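I opened this model to look up its ring pairs, its helix packing and its nonpolar core. My entries follow in that order.

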Amino acid sequence: MKGRGFQPLHLAGWLFADLLLVLALVAMGDQGDPQAARPAESASPSRSATAPARPDKPEGPRAVVRTPVKVAVDAAPGDKNAMVREVREATARYSGRQAAFVLTFGHHVDPGAGGDYAHQVNSSLEKARPDMFQDATTRDFWKRGAATGHADLEIYFYTY
């Protein structure tokens, strides 16, 4: 009967795991400090001491606000002028912001007619507010409802 002595092959898995851990630690330690990479502010006061330091341009990538702005549009199907007017009124308080994407829910008992109404509203967005809805992604949806000529919009704006 063979004796069960020390078998170095049994340690190969542990050795591999330990080496992988060491490589991961070396790779993480090689990364620079992002806080230290920022340029230091000069000692001479170039701005007034009372004015808060505000960057002229926001830093970092632009993102999308996760909470939508919800507005409603009421206009007869096919009446583009009324849709444009309703969108302008509903979005007046958000002037100066840019929409990333818009989800529009057209109310109707028929899914096809509800989706068509949502498409009509979405096609009038850029005419109503070109600065707000230019290059915005839109999606048309149907929402079951007896009221025709009504749409609920969920607008997701960029952060800046």
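I took rings of Phe, Tyr and Trp (its six-membered ring) as paired if their centres lie within 6.5 Å, with planes under 30 degrees apart counted as stacked, over 60 as edge-to-face and the rest as tilted. The model is predicted, so I noted that local features need pLDDT of at least 70, that side-chain atom pairs count only at pLDDT 80 or more, and that totals for chains, interfaces and linings use all residues. Residues are numbered from 1 along each chain as its sequence is written, and side-chain values use heavy atoms, with hydrogens and water left out.

**Rings.** I found three aromatic pairs. Phe 105 and Phe 141 are stacked, because their ring centres are 5.2 Å apart and their planes are at 20°. I traced Phe 105 to strand β2 (residues 99-108) and Phe 141 to strand β3 (residues 137-144), 36 residues apart. Helices (H or I, at least four residues) and strands (E, at least two) are DSSP runs, numbered from the N terminus. Phe 141 has 35% relative accessibility and counts as partly exposed; buried means under 20% relative accessible area, exposed over 50%, and partly exposed in between (1.4 Å probe, protein chains only).

**Thr 104.** I placed this residue in strand β2. Thr 104 is buried, at 0% relative accessibility. Leaving aside neighbours within four places in sequence, Thr 104 has contacts (heavy atoms within 4.5 Å) that include Phe 141, Ala 118, Val 121 and Leu 153.

**Helix α3.** Which residues of α3 are buried? I listed Gly 114, Gly 115, Tyr 117, Ala 118, Val 121 and Asn 122. The buried residues of α3 pack against β1, α2, β2, α4, β3 and β4 (150-157).

**Helix α2.** In α2 (residues 80-90) I found Ala 82, Met 83, Val 84, Val 87 and Ala 90 buried. Their cover includes β1 (69-74), α3 (111-123), α4 (125-128) and α5 (130-133).

**Core.** I took a nonpolar core as a set of buried Ala, Val, Leu, Ile, Met, Phe, Trp, Tyr and Cys residues joined through side-chain atoms within 4.5 Å. The largest one has 23 residues, and Phe 133, Leu 153 and Ile 155 have the most contacts inside it. Helix α2 gives the largest share of this core, five residues.
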